[in-house]
Structure formats: C-alpha cells, structure tokens
Amino acid sequence: MEIVIIVLLLASLFGVWLLSVRRKLETQEENIRNAMYQTLVQLSAEREALEGLAEFFRGYKEEK
C-alpha cells in the first residue's frame, strides 16, 4: 500500500513538473513570436526610410 502511495505521489509530481515545463516553453514561444514581430516592424520602418532617402536623393540629383 505504501508503494502505491509513493508511486502516485511521484507520478503527480512528474505531471506537475511537465505542466510547468510546458507553460515555460509556451511563454518562451510567445516571447520569440513577439520579438520576431518587433524585428519585422523595425525592418519595415528602416526599409521605408531608406526608400524615402533614395527618392529624396534622386529628386536632388535631377534638380542639379
């Protein structure tokens, strides 16, 4: 009877540990997704800025 209780306790502790690891991995995945989105936004903004700068210099060169 004692062995059954010990096995059940170990199984429940293992289950709690698995849930904890899963929750941590989900949090990390969400953080990675957010970081990738922020990187995409920054790259898009930089691209637009570079395109605007190139357009400005094209207009400046045509005026000369």
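Modeller: We can begin with the overall fold and then go on to charges and surface.

Modeller: Please keep in mind that this is a predicted model, in which local features need pLDDT of at least 70 and side-chain atom pairs count only at pLDDT 80 or more, while totals for chains, interfaces and linings use all residues. Residues are numbered from 1 along each chain as its sequence is written, and side-chain values use heavy atoms, with hydrogens and water left out.

Colleague: How much of the protein chain is made up of buried residues?

Modeller: Buried residues make up 0% of the 64 residues, where buried means under 20% relative accessible area, exposed means over 50%, and partly exposed lies in between (1.4 Å probe, protein chains only). Gln28, for instance, is partly exposed at 48%. The accessible surface of the chain comes to about 6,500 Å², of which 65% belongs to carbon and sulfur atoms; such areas come from the Shrake-Rupley method with a 1.4 Å probe, and for residues only the protein chains shown count as cover.

Colleague: Switching to charges, how many salt bridges does the structure hold?

Modeller: The structure holds four salt bridges, each being a side-chain nitrogen of Lys or Arg within 4 Å of a carboxyl oxygen of Asp or Glu. One of them joins Glu26 to Arg22, with the closest N and O atoms 3.2 Å apart.

Colleague: Why are Glu26 and Arg22 separated by about one helical turn?

Modeller: That is because Glu26 and Arg22 are four residues apart in helix 1. Glu26 is partly exposed at 42%, whereas Arg22 counts as exposed at 54%. In general, side chains of opposite charge can pair when their charged atoms come close.

Colleague: Which other pairs can you show me?

Modeller: Glu51 and Arg47 meet in a salt bridge at 3.1 Å, N to O, and they too lie four residues apart in helix 1, about one turn. Here Glu51 is partly exposed at 41%, while Arg47 is exposed at 58%. Glu55 and Arg58 meet at 2.8 Å, three residues apart in helix 1, and Glu55 at 48% and Arg58 at 46% each count as partly exposed.

Colleague: Last one, which residues make the nonpolar surface patch?

Modeller: Leu50, Leu53, Phe56, Phe57 and Tyr60 make that patch, of about 550 Å². Patches are made of residues with over 30% relative accessible area and no salt bridge, with like charges joined within 9 Å and nonpolar side chains (Val, Leu, Ile, Met, Phe, Trp, Tyr) within 5 Å. Tyr60 is partly exposed, at 42%.

Key
Helices (H or I, at least four residues) and strands (E, at least two) are DSSP runs, numbered from the N terminus.
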